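Hi everyone, thanks for coming.

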Amino acid sequence: MTMFFQNYADWERYEAKEAGRSAEPLDPQTDIKRYEEELDTALAAEDQGWDSLWTVEHHVSPYTMIPNPVQLLSFIAGATSRIDVGTMVVVLPWHHPLRVAEDITTLQYQLRGRTPYIGFGRGAARREFRQLGLEMGESRTRFDEAIQVVKLALTQESFSFKGEHYTFEDVTMRPRPRDPQALIDNFHFSWGSPSSAPIGARFGLKPLIIPQRPWDDYHAELAEFGRARAEAGFGPARPRIHMNVFCGENEQEAAEHARRFIPQYADSARRNYELDSGHFATTKGYEHYAGQSEAMNAAGGAAKLMGDAYLANHVWGTPDQCVDKMRRIAAAFRPEEFMLVMRYGDMPREVAAKSTDLFAREVMPAIQALPLEDPIDYRAAVDA
């Protein structure tokens with residue numbers, strides 16, 4: 001299960017205020033209520049049989065109200081006893097890399113033998129970079145340096161590093177991780193543009209897919225990811241795959257709720273990343289987003305296109321339909337794990353709870369029983 005903590009209903013007010021238009025003050029009770037409800041859901045996940053709890057990092061907007069994923073997962077670690085945890089993702093350019101290494105080290109201790117899966121990314125939301133006081137066009141070079149620093153801090157008692165953004169001279173980190181290689185072996189990378197896939201792969205990170213394009217497009221991107229891993233001396237790796245899910249007792253119920261709430265999630269992502277804006281064209285390293293925005297606007301607008309794409313990609317239907325779709329995705333990609341968002345948009349708590357309970361009872365056991373096949377060696381497939 002993946003925790004998102006969205007306040008979708010606040011977007012109109014938030015955007016008006018951000019643009020300097022007249023807007024009502026935020027009612028903080030809307031954030032408080034959503035946060036408390038989502039925490040309760042997360043704490044019930046272990047008893048429902050979920051294998052792991054994941055979360056994300058976002059700042060300043062109602063898109064996702066989780067500014068520190070490792071802090072939230074530390075709370076989960078102390079409140080549970082069996083479940084693993086993961087980030088999708090820690091946005092490295094927003095953090096001091098030595099602090100990131102410290103945070104994930106202490107999380108490993110707090111889990112007491114359970115596994116932290118740490119996904120990294122470089123961020124793509126202009127307002128988040130701006131309000132954090134960082135230059136978005138530096139994200140790629142900051143990411144490259146930061147991941148090297150994190151790995152050095154975990155594996156070397158003392159280390160030095162000199163880069164454009166970070167310089168360290170004979171520094172150390174305490175406490176030392178209980179198992180640094182286990183942490184590094186479970187590092188993942190999520191990318192938004194196809195050209196970004198090799199960025200994390202060449203540092204040995206494993207693929208983490210947050211589907212934004214047709215499923216078939218990801219085979220080519222995973223091939224590039226596999227090539228970059230192989231050239232850096234790393235073997236094939238199964239991806240982890242994130243999806244939104246709605247499980248209904250019948251097709252009508254599932255379709256009604258999926259067609260309402262999944263496009264809301266897509267719309268929230270569109271607004272957060274300003275995907276119908278032209279600003280990507282002048283931001284170094286985000287050329288793909290510029291072309292994507294132009295194409296979506298020319299084809300009738302990002303809101304509808306993204307809503308349709310998310311409905312096509314993500315999982316919804318009766319329990320049998322959910323099992324069938326997830327089995328087909330598993331057969332196509334041989335993933336290590338699915339990370340599933342069960343509440344998004346303005347979905348009421350009771351609607352999410354009913355869907356989640358049904359999924360946990362009737363879908364999850366069938367998916368957990370699937371064999372964990374060897375990863376696809378995309379590089380070999382392309383070479384052949």
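Let's start at Pro348, which sits in the loop between strand S11 (337-341) and helix H14. When I say helix or strand, I mean DSSP runs numbered from the N terminus, with H or I and at least four residues for helices, and E and at least two for strands. Before going on: this is a predicted model, where local features need pLDDT of at least 70, side-chain atom pairs count only at pLDDT 80 or more, and totals for chains, interfaces and linings use all residues. Residues are numbered from 1 along each chain as its sequence is written, and side-chain values use heavy atoms, with hydrogens and water left out.

Back to our proline. Pro348 has 26% relative accessibility, so it counts as partly exposed. The cut-offs are under 20% relative accessible area for buried, over 50% for exposed, and partly exposed in between, using a 1.4 Å probe and protein chains only. Setting aside residues up to four places away in sequence, Pro348 touches Phe261 and Arg343; contact here means heavy atoms within 4.5 Å. Phe261 is 87 residues from Pro348 along the chain, and their C-alpha atoms are 10.0 Å apart.

Now on to H14 itself, residues 349-362, whose axis comes within 12 Å of that of helix H2 (residues 28-48), crossing at roughly 10°. Axes are lines fitted to C-alpha atoms, for helices over the stretch in contact, and the angles run from 0 to 180 degrees between N-to-C directions. So H2 and H14 are roughly parallel; that word covers angles under 35 degrees, while over 145 is roughly antiparallel, 65 to 115 roughly perpendicular, and the rest oblique. On the H2 side, Glu37, Asp40 and Gln48 meet Arg349, Thr356, Asp357 and Ala360 of H14.

Tyr265 and Tyr310 belong to a cluster linked by ring pairs, together with Phe4, Tyr63, Tyr273 and Tyr344. How many aromatic pairs turn up in the whole structure? The search finds 20. Rings of Phe, Tyr and Trp (its six-membered ring) pair if their centres lie within 6.5 Å; planes under 30 degrees apart count as stacked, over 60 as edge-to-face and the rest as tilted.

Take Trp54 and Tyr117: the ring centres are 5.9 Å apart and the planes at 10°, so this pair is stacked. It joins distant parts of the chain, with Trp54 in strand S2 (residues 52-55) and Tyr117 in strand S4 (residues 116-121), 63 residues apart. Trp54, at 0% relative accessibility, is buried, and Tyr117, at 12%, is buried too.

Phe280 and Tyr286 have ring centres 6.3 Å apart and planes at 35°, so they are tilted. Both are buried.

Last stop, Tyr289 in helix H11 (residues 287-298). Tyr289 is buried, with a relative accessible area of 10%.
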